[in-house]
Structures are given as structure tokens and as C-alpha cells.
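Student: I would like to go through this model one residue at a time. Please show it first.

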Amino acid sequence: MGGPVVLGIESSCDETGAGIVQDGRLLAHVVASSMDEHARFGGVVPEIAARAHLEAFTPVVREALDRAGLGLGRIDAVAVTTGPGLSGALQVGLAGAKSLAYGAGVPLYGVHHLAGHVAADTLEHGPLPAPCVVLIVSGGHTSLLLVRDLVREPILHLGDTLDDAAGECFDKVARILGLPYPGGPAIDRAAREGDPRAVDFPRPLTRPGDDPYAFSFSGLKTAAARWVERQRLRGEEVPVADGAAALQEAVADVLTRKALAACRAHDVRTLIVVGGVAANSRVRGLAEERCAAAGIELRVPPMTLCTDNGAMIAAVGDLLVRSGAEPAPLEVSVDPSAPLEYASLTPLPAQPSAGVGER
């Protein structure tokens, strides 16, 4: 028979995802992206994203169920991203998930988006070692975490980004270099033809006395912009491939240097790298080199599970169900700026304060 079957829904940004997990095993997952609709604006437009989720929600869920060979009546629980993310996008996913849970007569679980990225690795490599260091790198988040039990214990933040996240830096510099959106894949492609030593970009917050686990990529973005500006002022053609390779090397160096330092300081033997930027070839490659040299196991999910998807939310839901966690209340809402403290996220709508003349 197997354990409970969990359907996961993700809609925090520009991907509408549905995934189905049972006992830590991925049965199916489907993602519809509205990225092409945002590309001409150079970034995600919240209203376009929300409308795209409305259109994609039902087809994506139906296809996931079809791929798993299941009807909605075989689903035992529904998990959904309730934050952080774009408010309108989150609301679409939550409303749809509530409808599915109500229609199937099953419990609903609210999930923190970043905990989903962490859990994505379990679908490929099995249960998380306790403890482990997790490096989350995406368009909006760069964090170093110490994780013991993902769904039973609080998640300890060792360090977070102080300004631009790594993926945000890639997006902004790609635009400066004249590369298309999204910037991360474009930088990665361009860097293949470039020399990573061609430009000496800074490594932010890596000097003695700096916070060993904090990140800052705003200054790196500015350094890249100034470098491009100098080339153009001299009337020279910007060597885009060299700039992309050097930028990618700087980001990968900072990320992996700090992650390995965290592993050594906390006597942790496993590093897990997750999030959209974990798909970057140099981040993966340098992490492999440095982990091998330090005798640390490196775990990185498959590229299809690095970017936002419903499978990672289903993975958290699966862990919550099997741990005996309480489902979300019917009135659960969204929290677009929720900090990562626990994997379960069940915010309630704010109660209106009594106005003048109200009783």
C-alpha cells in the first residue's frame, strides 16, 4: 500500500508547479513557467505572474496526477507554498490548494518555500544527514543554514545576504552585458568561451574581520558595471565572455569558500547546495573540487529540482505528514516576506483593528 500520497503546489514566483511524493519517492512533477512573458521586461512582473498561475494551475495539477497514474481521490494530503514570494502569485496557489484539499477531503499543509528547496535534495539522495550545512542560492535568496531535523527543529541561519542575492547579481550584470533574461543561464552560457582570470572582480566579505558567513553581491554588481563602463568609454568592444566568466568565478568562489568554512566550523561532513543558482556549472564544479579536497560529501539535486517546482513542496509535505505535524487551519493565509524559521508555515490573516465607532 505504501504511505500517504502528498500533492505539492508551488506558485511563489513565475513557475506553477505540481509534484506528487510518497514515502520520500517522487511519483511525478510538472512545471509551467511564465518566464518568456517576463523576459521583455527584464524581470518578473507580479501581475503577469499571478495571471499565468491562474491559467496554468488546473492543467499542471491534472498532468501531474496523470503522470503518477492517480486520481484526486488517491491523494492523502495537499502541501502548498504559503511564503515567501509574490503576494498575488502565492494567493493563487493557496486558493487552488485549498480547493483541492477541500474537494478531496484531505488535510492541507502550509510550507516555507526555502524549506522546499532544502527538501528537494531528499528526492534524489534520501534523508538529510543530521546535521548538515545547506547553501541556498537563488534569484532572491542566498543563505547558509545549519539543519538538523528539517520538519521537527528550528532551522539555524549561519548567514544571509545583506543586499543582492547571487541570482539577482547574475540577472543585473547580464543586463549590463547585453545578455538576455534570465541572467543566470545566460551568464553560464557566455562564460564557457571566456577567461575567468581576465578580470579581477572583488570577493565581497572575505577579508579578515568580515562576517564569515554573510553574503553581499551588490558591490560585485557595481564593480562589473564600472568595468563595462570603462571599456565603452575607451571605445573598446566589451569582452562579454570574459566578463561573464570572471563574474561567475567570483560568485562561485565566495559561495563555496563560505560554505566550506561553515562545514569546518560546525564539524559537519555534508554540504547540500540547493536553489536555482545551484544549476550554475561553475558553482557546482568549484563546490565539487573544494568538497573533495576537504573530505566533505557534496549533495546537489538534479537541475530539474533546483529551480522552483511543486515536487520540493510535496517533499516537505510528505515529511510533515510522516512526522505527525498538525495540518494548517482552514483560515491559513500567505506571508510574502516570511523568514525561514520552520519548514511548516501557516500564517493567519491579520485581524482588522476596531475603528472609530466600532464595538
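Student: In which loop is the place of Leu 205?

Tutor: The model is a predicted one. In it, Leu 205 has a positive phi of about 55° although it is not a glycine. Its relative accessibility is 23%, so Leu 205 counts as partly exposed. The place of Leu 205 is in the loop between H7 and H8.

Student: Asp 267 has a positive phi although it is not a glycine; is Asp 267 buried or exposed?

Tutor: The phi of Asp 267 is about 55°. Asp 267 is found in the loop between H9 and S9. The cut-off for exposed is over 50% relative accessible area. Asp 267 has 61%, so the class is exposed.

Student: With which side chain does the side chain of Ser 216 make a polar contact?

Tutor: Ser 216 lies in the loop between helix H7 (183–191) and helix H8 (218–233). Its relative accessible area is 15%, and because buried means under 20%, Ser 216 is buried. Leaving out residues up to four places away in sequence, Ser 216 touches Thr 161, Asp 163, Pro 204 and Leu 205. The polar contact, at 2.7 Å, is with the side chain of Asp 163.

Student: Why is H7 largely enclosed by the rest of the structure, and which helices do its buried residues pack against?

Tutor: Seven of the nine residues of H7 are buried, so the helix is largely enclosed by the rest of the structure. The buried residues are Gly 183, Gly 184, Ala 186, Ile 187, Asp 188, Ala 190 and Ala 191. They pack against helix H6 (166–176), helix H9 (240–265) and helix H10 (281–294).

Student: Which residues does Ala 241 touch, not counting residues up to four places away in sequence?

Tutor: Ala 241 is found in helix H9. The buried residues of H7 pack against helices that include H9, and Ala 190 and Ala 191 are among those buried residues. The residues touched by Ala 241 are Ala 190, Ala 191, Glu 193 and Gly 194.

Student: How far apart are the C-alpha atoms of Ala 241 and Glu 10?

Tutor: Ala 241 is in helix H9. Along the chain, Ala 241 and Glu 10 are 231 residues apart. Their C-alpha atoms are separated by 34 Å.

Student: Are H6 and H8 roughly parallel or roughly antiparallel to each other?

Tutor: The axes of H6 and H8 come within 9 Å and cross at roughly 10°. Angles under 35 degrees count as roughly parallel. H6 and H8 are therefore roughly parallel.

Student: How many disulfides does a search of the whole structure find, and how far is the sulfur of Cys 13 from that of Cys 169?

Tutor: The search of the whole structure finds zero disulfides. Cys 169 is in none, and the nearest cysteine sulfur is that of Cys 13. Cys 169 is also buried, with a relative accessible area of 0%. The distance to the sulfur of Cys 13 is 18 Å.

Student: Which backbone nitrogen does the side chain of Asn 280 reach?

Tutor: Asn 280 lies in the loop between strand S9 (270–274) and H10. At 5% relative accessibility, Asn 280 counts as buried. Not counting residues up to four places away in sequence, Asn 280 touches Phe 170, Asp 188 and Gln 248. Its side chain reaches, at 2.9 Å, the backbone nitrogen of Val 283.

Student: Is the peptide bond from Tyr 181 to Pro 182 cis or trans?

Tutor: The place of Pro 182 is in the loop between H6 and H7. The omega of the bond from Tyr 181 to Pro 182 is near 0°, and the bond is cis.

How values were computed
Residues numbered from 1 in each chain as written. Predicted model: local features only at pLDDT ≥ 70, side-chain atom pairs only at ≥ 80, totals over all residues. Heavy atoms only, no water. Helix = DSSP H or I, 4+ residues; strand = E, 2+ residues; numbered from the N terminus. Buried < 20%, exposed > 50% of the residue type's maximum accessible area, 1.4 Å probe, protein only. Polar contact = N/O pair within 3.5 Å; in protein donor to acceptor, adjacent residues only side chain to side chain. Contact = heavy atoms within 4.5 Å. Disulfide = S-S within 2.5 Å. Axes fitted to C-alpha atoms, helices over the stretch in contact; angles between N-to-C directions. Parallel < 35°, antiparallel > 145°, perpendicular 65-115°, else oblique.
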